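Student: I have a structure to look at, and I want to know what stands behind the words used for it. Can we go through it step by step?

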Amino acid sequence: MKELAGRLTALDPDAGAAVRVIGYFDRLSESRAGLEALVRGAAVLAGVPARLVDAERRVLVRVEADGTRRDSAVPPEPGWPSAALTPGGAAVLWLERAEAAPSVVDAVILERAAGAVRVVLDRTRGRAPADDPALVETVLDAAAPEAARLHAARALGLDSAGTARALAPLDGRPRIVAGRTDAELPAGRLGVGPAVPVLDLPRSWADARTALRFTAEGTAQDPGPQVVRADELGGVALLAGLVAPGADPPPDVRVLEAAGAGTPWLLATLHAVVSTASLRAAAAEINVHHSTLQDRLSHAEHLLGWPLRTPQGRLRLQLALAMRHLARS
């Protein structure tokens with residue numbers, strides 16, 4: 001192969017380089033190289049970053065031209081040279097090159113690397129039954145044996161060396177997504193767990209369910225975010241252990257409910273006050289004049305019984321609104 005590549009290079013440099021690429025990936029395949037090694041080979045040979053994206057199997061591998069792995073959640077550019085692992089399939093190997101059309105050598109790199117990657121994925125992960133509820137339940141069950149959870153994770157196509165996160169929808173079965181990808185989230189209220197190693201997914205699931213309790217419908221009578229990420233809650237998450245769903249709500253929550261029942265604009269206005277950087281931003285958020293917001297706050301302070309334009313008053317209001325979600329969940 002080396003002799004043939006040398007002769008071809010003398011006649012046509014691209015042809016010689018293509019033959020060397022073929023020999024390179026043949027050697028990697030014979031040594032049963034893994035996904036990262038194959039993607040690294042594509043990046044180094046092409047001289048640009050390469051990435052493998054297989055959303056169905058929840059695989060994302062990105063390697064810089066110098067061989068350093070550096071995954072990215074930023075979607076690939078449609079104009080980059082690429083090769084689908086199967087005709088019409090969603091799994092794709094990309095070369096992050098700005099030119100619209102790949103060179104001859106790029107085309108050979110993509111074709112040989114994609115073929116080798118496809119063999120590895122089929123051998124190690126098969127087809128990922130991503131919607132199998134029994135497997136998802138096993139992975140998220142802290143009481144299940146570790147071996148059973150690892151087996152279920154492999155069947156789902158999860159990378160045991162990577163991270164993943166659990167999703168807790170309000171209505172629907174739990175889901176698992178890769179920790180490094182910004183996967184499309186289900187519509188509606190949703191708690192998103194932190195990215196963790198696969199064996200820690202039960203913790204991510206517990207945190208996702210806690211985050212779900214802080215979500216809202218996003219309406220005038222139930223203002224707030226529909227999607228809450230557990231790793232953005234910080235110490236506020238501790239409130240979930242203090243306010244039980246269906247139990248008698250704390251006094252401040254009862255005051256909020258009574259005030260909101262007789263004043264349709266109240267809850268949306270108060271949410272805008274605690275979720276924006278200034279009162280002017282809050283007025284813009286709910287599309288009222290700044291003076292109108294001031295009048296509303298004066299009325300709200302009278303109804304609630306505490307100031308809303310001081311740091312202490314805003315904090316008390318923010319906690320009351322958060323506890324209102326927890327008491328209703």
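Tutor: Leaving aside neighbours within four places in sequence, L304 is in contact with V255, L256, A259, L270 and L317. Keep in mind that this is a predicted model.

Student: What makes a pair of residues a contact?

Tutor: Heavy atoms within 4.5 Å make a contact. L304 meets that with V255, among others.

Student: Where does L304 sit?

Tutor: L304 belongs to helix α11, residues 290-304.

Student: Why is L304 called buried?

Tutor: Buried means under 20% relative accessible area. L304 has 7% relative accessibility, so L304 counts as buried.

Student: How far apart are L304 and R254 in sequence and in space?

Tutor: They are 50 residues apart in sequence. From C-alpha to C-alpha, the distance is 9.8 Å.

Student: Which angle do helices α8 and α12 make?

Tutor: Helix α8 covers residues 251-262, and helix α12 covers residues 311-328. They pack at about 85°, with axes 9 Å apart.

Student: Why is α8 called roughly perpendicular to α12?

Tutor: Angles of 65 to 115 degrees count as roughly perpendicular. The angle here is about 85°, so α8 is roughly perpendicular to α12.

Student: Which residues make the contact of α8 with α12?

Tutor: From α8 come D252, V253, L256 and E257. From α12 come R316, L317, A320, L321, M323, R324 and R328. By class, six are nonpolar, five are charged and none is polar.

Student: Now the strands. How do you know that β1 and β2 pair?

Tutor: Two strands pair if there are at least two bridges between them. Strand β1 (residues 50-54) and strand β2 (residues 59-63) have five bridges, so they pair, in the antiparallel sense. One partner pair is L52 with V61 of β2.

Student: What lies between β1 and β2?

Tutor: Four residues lie between them, and the two strands form a hairpin. In the turn, R58 has a positive phi of about 60°.

Student: What joins β1 to β4?

Tutor: Four bridges join β1 to strand β4, residues 92-95, and the two run antiparallel. In β4, W94 is the bridge partner of R51.

Student: Why is β1 called mostly covered?

Tutor: Four of the five residues of β1 are buried.

Note on methods:
Residues numbered from 1 in each chain as written. Predicted model: local features only at pLDDT ≥ 70, side-chain atom pairs only at ≥ 80, totals over all residues. Heavy atoms only, no water. Axes fitted to C-alpha atoms, helices over the stretch in contact; angles between N-to-C directions. Parallel < 35°, antiparallel > 145°, perpendicular 65-115°, else oblique. Nonpolar A, V, L, I, M, F, W, Y, C, P; charged D, E, K, R; others polar. Buried < 20%, exposed > 50% of the residue type's maximum accessible area, 1.4 Å probe, protein only.
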